[in-house]
Amino acid sequence: MNVDTALQNCRAVKQLDPTHKMTAKTREKLLSTALVSPAVGYLKNWLFVAVNDPEQRRRIREESWDQPQA
C-alpha cells in the first residue's frame, strides 16, 4: 500500500464487536508488528496487556469514560 492510499483509508474505529475472538496467531502477529512500530522521539516504553475477562474489560471501559475502544 502506498502512502496516499494509507492516509486516505485511515479510520478511527469506535464501534467494536465485543464477541470477536482473535486467534493466538493473529494476536502474536499484531503484537510483534506493534513492537517495531515507530514512536515519537524513538522512545518505546509501552506495555501491552491482553484482557480476556469480560468483567475486567467492562471495568476498564468504565474507567475510560465509557470509550468503546478502551
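Good morning. Buried residues, meaning those under 20% relative accessible area, make up 1% of the 70 residues in the protein chain. The model is a predicted one, in which local features need pLDDT of at least 70, side-chain atom pairs count only at pLDDT 80 or more, and totals for chains, interfaces and linings use all residues. Residues are numbered from 1 along each chain as its sequence is written, and side-chain values use heavy atoms, with hydrogens and water left out.

Let me begin with the overall architecture. The protein chain contains three helices and zero strands, and along the sequence the pattern reads α-α-α. Helices here are DSSP runs (H or I, at least four residues), strands are runs of E of at least two, and both are numbered from the N terminus. The chain exposes about 6,800 Å², of which carbon and sulfur atoms supply 58%. Such areas come from the Shrake-Rupley method with a 1.4 Å probe; for residues, only the protein chains shown count as cover.

I turn now to the salt bridges. The term denotes a side-chain nitrogen of Lys or Arg within 4 Å of a carboxyl oxygen of Asp or Glu. By this rule the count comes to three. In one of them, E55 pairs with R58, and their closest N and O atoms are 2.6 Å apart. Both residues lie in helix α3, three residues apart, or about one turn of the helix. E55 counts as partly exposed because its relative accessibility is 39%, and R58 is likewise partly exposed because its value is 41%.

R58 also meets E62 in a salt bridge, at 2.9 Å from N to O. Here the spacing within helix α3 is four residues, again about one turn. The side chains of D66 and R61 form a salt bridge as well, at 2.9 Å, N to O. R61 has a relative accessible area of 31%, so this residue is partly exposed.

Located in the segment after α3, D66 has a positive phi of about 60° although it is not a glycine. With 49% relative accessibility, D66 is therefore classed as partly exposed. W65 lies in the segment after α3 too, and its phi is near 55°, a positive value in a residue other than glycine. Is W65 buried or exposed? W65 is exposed, because its relative accessible area is 75%.

The next topic is the surface. L31, L35, V36, W46 and F48 form a nonpolar patch with about 450 Å² of accessible area together. Patches are made of residues with over 30% relative accessible area and no salt bridge; like charges are joined within 9 Å, and nonpolar side chains (Val, Leu, Ile, Met, Phe, Trp, Tyr) within 5 Å. F48 is partly exposed because its relative accessible area is 38%. In sequence F48 and L31 are 17 residues apart, while in space they are 7.9 Å apart, C-alpha to C-alpha.

Finally, the pockets. Rolling a probe the size of a water molecule over the atoms shows where empty space is left. On a 1 Å grid over the protein atoms alone, a cavity is a set of points where a 1.4 Å probe fits but cannot get out, whereas a pocket is an open set with protein on both sides within 12 Å along at least five of seven lines. Grid points are joined across faces, edges and corners, and a volume is the space filled by probe spheres set on the points.

The largest pocket has a volume of about 1,200 Å³. Of the 25 residues lining this pocket, the closest to its centre are L16, M22, V51, R57 and A70; a lining residue has an atom within 4 Å of a point. The elements that give two or more residues to the lining are α2 (24-35) and α3 (54-63). Which element gives the most? Helix α3 does, with five residues.

By class, the lining has 15 nonpolar, four polar and six charged residues. Ala, Val, Leu, Ile, Met, Phe, Trp, Tyr, Cys and Pro count as nonpolar, Asp, Glu, Lys and Arg as charged, and the others, Gly among them, as polar. Thank you for your attention.

Notes: Buried means under 20% relative accessible area, exposed over 50%, partly exposed in between (1.4 Å probe, protein chains only).
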